Amino acid sequence: MKKFALGLALSLFAGAAMADPVEGIWKTETDDGAYAHVKIAPCGAALCGHIARTFNAGGEYKSANIGKKLVWDMQAKGGGSYAGGKIWQPSSNKVYKSKMSMSGNALNVSGCVGPICKKQVWTRVK
C-alpha cells in the first residue's frame with residue numbers, strides 16, 4: 001500500500017511538472033484603450049487563452065469579453081514556439097491565424113492575414 005501511495009504521489013508530481021511553460025496569466029498590450037489578463041491553459045490537445053480580467057485607464061473593469069476565448073488551437077512546436085492557432089482581436093472582432101514564441105517572461109504573439117501581421121509582446125503576470 002505504501003508503494004502504491006508513493007507511486008501515485010510521484011505520478012501526480014510528474015504531471016504537474018510537465019505543464020507547458022506558456023501556461024499561466026499573461027498581460028496583453030493596450031489595444032483600443034484597454035488591455036487584458038489572459039489565462040493560457042490546455043484545451044484538449046492544444047493550448048487556449050481566455051480573457052480573465054480587463055483594464056482601461058480607470059483601472060480594472062468588467063468587460064463583456066471576460067471569459068471569452070482569445071487564443072485557441074495553439075500547438076507547441078518546441079523551443080518556446082507555438083503555431084497553428086487562431087487569435088481574436090476584440091476591438092475589431094476579427095480572427096487571425098496566430099503563432100507565439102516565448103522568451104523568459106515575454107510572449108511574442110502575432111495574428112496574420114496572409115503576409116500582413118499584427119504583433120504584441122505579452123508579459124507574464126503569474
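**Figure 1. The largest nonpolar core of the predicted model.** In this predicted model, the largest nonpolar core is made up of 21 residues. Those with the most contacts inside the core are Val-22, Trp-26, Ile-40, Leu-70, Met-100, Leu-107 and Trp-122. At least two core residues come from each of β2, β3, β5, β6, β7 and β8. The largest share belongs to β5, with four residues.

**Figure 2. Order of the secondary structure elements.** Read from the N terminus, the order of the elements is α-β-β-β-β-β-β-β-β-β.

**Figure 3. Pairing of β3 with β5.** Strands β3 and β5 run antiparallel and are joined by three bridges. Gly-49 has Val-71 of β5 as its bridge partner. Val-71 also stands opposite Ile-87 in β6, and the view therefore leads on to the next strand pair, given that a strand pair needs at least two bridges.

Figure 4. Strand β5 covers residues 69–78 and strand β6 covers residues 81–89. The two strands are antiparallel, with five bridges between them. One of the facing pairs is Trp-72 with Lys-86 in β6. Two residues lie between the strands of this hairpin. In the turn, Gly-79 has a positive phi of about 65 degrees.

**Figure 5. The hairpin of β6 and β7.** Seven bridges hold β6 and β7 in an antiparallel pair. Gln-89 stands opposite Lys-94 in β7. Four residues lie between the two strands of the hairpin. Which residue in this turn has a positive phi? The residue is Asn-93, with a phi of about 55 degrees.

**Figure 6. The loop between β7 and β8 at Gly-104.** Strand β7 spans 94–103 and β8 spans 106–113, and Gly-104 sits in the loop between them. Is Gly-104 buried or exposed? Its relative accessible area is 54%, so Gly-104 is exposed, the cut-off being over 50%. Pro-21 lies 83 residues from Gly-104 along the chain, and the C-alpha atoms of these two residues are separated by 9.5 Å.

**Figure 7. The disulfide of Cys-43 and Cys-48.** The sulfur atoms of Cys-43 and Cys-48 are 1.7 Å apart, and the two residues are joined in a disulfide. The link is right-handed, with 60 degrees about the S-S bond. The two cysteines fall into separate accessibility classes. Cys-43 has a relative accessible area of 28% and is therefore partly exposed. Cys-48 has a relative accessible area of 2% and is therefore buried, since buried means under 20%.

**Figure 8. The disulfide of Cys-112 and Cys-117.** A disulfide joins Cys-112 to Cys-117, with 2.0 Å between the sulfur atoms. Why is this disulfide right-handed? The torsion about its S-S bond is about 105 degrees, so the link of Cys-112 and Cys-117 is right-handed. Cys-112 has a relative accessibility of 12% and so counts as buried. Cys-117, at 35%, counts as partly exposed. The model has two disulfides. Counting bonded cysteines along the protein chain, the disulfides follow the pattern 1-2, 3-4.

**Figure 9. The largest pocket and its lining.** The volume of the largest pocket is about 500 Å³. The lining holds 27 residues, and those closest to the centre of the pocket are Asp-31, Leu-70, Gln-89, Pro-90 and Gln-120. Leu-70 is also listed among the core residues with the most contacts, and Gln-89 is the residue opposite Lys-94 in β7. Strands β2 (34–43), β3 (46–56), β6, β8 and β9 (116–124) each supply at least two lining residues. Which strand supplies the largest share of the lining? That strand is β9, with four residues. By residue type, the lining divides into twelve nonpolar, ten polar and five charged residues.

Terms used:
Residues are numbered from 1 along each chain as its sequence is written. This is a predicted model: local features need pLDDT of at least 70, side-chain atom pairs count only at pLDDT 80 or more; totals for chains, interfaces and linings use all residues. Side-chain values use heavy atoms; hydrogens and water are left out. A disulfide is a pair of cysteine sulfur atoms within 2.5 Å. Buried means under 20% relative accessible area, exposed over 50%, partly exposed in between (1.4 Å probe, protein chains only). On a 1 Å grid over the protein atoms alone, a cavity is a set of points where a 1.4 Å probe fits but cannot get out, and a pocket is an open set with protein on both sides within 12 Å along at least five of seven lines; lining residues have an atom within 4 Å of a point. Grid points are joined across faces, edges and corners, and a volume is the space filled by probe spheres set on the points. Ala, Val, Leu, Ile, Met, Phe, Trp, Tyr, Cys and Pro count as nonpolar, Asp, Glu, Lys and Arg as charged, and the others, Gly among them, as polar. A nonpolar core is a set of buried Ala, Val, Leu, Ile, Met, Phe, Trp, Tyr and Cys residues joined through side-chain atoms within 4.5 Å.
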